[in-house]
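Let's work through some side-chain contacts together, one exercise at a time. Keep the structure open beside you as you go.

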Amino acid sequence: MKPVIYITRKIPDDILQPYQDSFDFRMWDKEETPVPRDVLLSEAASADGVLCLLTEAIDKEFLAAAKHLKIVANMAVGYDNIDVEAAREHGVVVTNTPDVLTETTADLAFALLMATARRIVEANDYIRDDKWEYWSPYLLAGSDIHGKKIGIVGMGRIGEAVARRAKGFDMSILYHNRSRKVKAEQELGAVYCEFTELMKEADFVVSLIPLTEETKEMFNEQAFQNMKSSAVFINVSRGATVDEQALHDALTANTIRAAGLDVFNQEPISAEHPLMKLDNVVCLPHIGSASVATRTKMLELCLDNLKEVLNGAQAMTPVN
Ligand code: GLV
């Protein structure tokens with residue numbers, strides 16, 4: 001009998017094709033809707049491996065139901081949807097998808113920074129709403145990007161990739177991280193900063209910090225109050241690193257100028273959410289790594305991890 005792999009969302013057959021001989025694939029058959037919890041739990045019971053997305057909570061209940069499970073391959077670099085400690089206790093390997101998404105996510109972070117700084121979405125709506133009558137000196141004038149100071153919170157692989165882009169724009173680079181990044185300091189001139197100092201100094205604060213107990217709501221009322229009133233906040237990490245009420249207050253009170261958000265506390269965020277009513281917010285539906293090529297590489301890395309572990313070898317990108 002071939003090992004059973006349960007895939008929690010419909011993925012293209014051609015991606016599975018090279019692995020068909022080795023595995024018995026079962027799959028939730030919808031592309032855009034997550035698998036219901038009861039289906040997930042009952043499928044987990046017979047699975048040797050699971051390929052899941054960040055829409056699935058891989059918690060104690062799931063692990064207790066998944067009696068034969070050896071590996072959970074998460075199609076994301078962040079894995080705050082998984083109780084990694086409980087997985088370790090159950091002897092389940094957890095893998096994520098680092099590296100393959102680094103440059104694509106950095107592209108998106110920079111695109112969001114530029115769109116927010118230069119009011120691209122507002123400007124696009126301005127024409128579509130038929131408001132454009134004359135060229136005017138300050139019509140839709142935004143903030144410069146070149147020559148400004150970027151503050152990167154979370155200087156992992158993606159943070160460094162964003163810093164490389166910032167260097168190309170002649171920005172000065174501050175960063176805050178658990179550990180010093182000597183290479184980035186030497187090669188990019190990045191300067192290590194305490195969090196409070198970074199928030200006070202940066203023209204653009206870019207959050208790329210993983211969500212943990214320590215980073216939950218680290219961007220709170222005090223953090224936003226520390227920012228310059230001309231500064232822009234960009235979040236491409238996890239929504240729960242931000243106190244969204246405090247962010248909303250900061251944006252409406254002109255404590256900060258604007259925000260670009262790819263992630264939210266509750267996803268999907270409703271169009272009725274107060275943040276969505278603000279012109280100085282650019283929002284995206286969590287598409288940091290969403291290029292066709294990168295999403296394909298992420299799926300392939302998940303499948304390669306499953307293959308290795310179910311063949312008794314080491315995972316390629318384990319987190320535990
Ligand atoms: C997406 O948010 C990821 O963690 O890869």
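**Exercise 1.** Find out which parts of the chain are linked by the salt bridge between lysine 228 and aspartate 203 in this predicted model, and whether each partner is buried or partly exposed.

*Solution.* 
- Step 1: Look at the contact itself. The closest N and O atoms of lysine 228 and aspartate 203 are 2.9 Å apart, and a salt bridge needs such atoms within 4 Å.
- Step 2: Lysine 228 sits in the loop between helix H10 (221-226) and strand E10 (232-235), while aspartate 203 sits in the loop between helix H9 (195-201) and strand E9 (204-207). The pair links distant parts of the chain, 25 residues apart.
- Step 3: Check accessibility. Lysine 228 has a relative accessible area of 30% and is partly exposed. Aspartate 203 is at 14%, and because buried means under 20%, that residue counts as buried.

**Exercise 2.** Describe the salt bridge of arginine 26 and the accessibility of both partners.

*Solution.* 
- Step 1: Name the partner. Arginine 26 pairs with aspartate 24, with 3.1 Å between the closest N and O atoms.
- Step 2: Read the accessibilities. Arginine 26 is partly exposed at 32%, and aspartate 24 is partly exposed at 28%.
- Step 3: Widen the view. A search of the whole structure gives 18 salt bridges. Another of them joins glutamate 185 and arginine 180 at 2.7 Å, N to O; arginine 180 is exposed, at 52%.

**Exercise 3.** Work out how tyrosine 175 and tyrosine 192 are arranged, and what their pairing ties together.

*Solution.* 
- Step 1: Start with the count. The whole structure holds six aromatic pairs.
- Step 2: Take the geometry. The rings of tyrosine 175 and tyrosine 192 are 5.5 Å apart, centre to centre, with 75° between the planes. An angle over 60 degrees counts as edge-to-face, so this pair is edge-to-face.
- Step 3: Locate the rings. Tyrosine 175 belongs to strand E7 (residues 172-176) and tyrosine 192 to strand E8 (residues 191-192), so the pair ties together parts 17 residues apart in sequence.
- Step 4: Compare accessibility. Tyrosine 175 is buried at 0%, whereas tyrosine 192 is partly exposed at 24%.

**Exercise 4.** Describe the pair formed by phenylalanine 224 and phenylalanine 233, then name the cluster that includes both.

*Solution.* 
- Step 1: This pair is edge-to-face, at 5.3 Å centre to centre and 85° between the planes.
- Step 2: Phenylalanine 224 is buried at 1%, and phenylalanine 233 is buried at 0%.
- Step 3: Phe195, Phe219, Phe224 and Phe233 make up one aromatic cluster.

Key:
Residues numbered from 1 in each chain as written. Predicted model: local features only at pLDDT ≥ 70, side-chain atom pairs only at ≥ 80, totals over all residues. Heavy atoms only, no water. Salt bridge = Lys/Arg side-chain N within 4 Å of Asp/Glu carboxyl O. Buried < 20%, exposed > 50% of the residue type's maximum accessible area, 1.4 Å probe, protein only. Helix = DSSP H or I, 4+ residues; strand = E, 2+ residues; numbered from the N terminus. Phe/Tyr/Trp six-rings, centres within 6.5 Å; stacked < 30°, edge-to-face > 60°.
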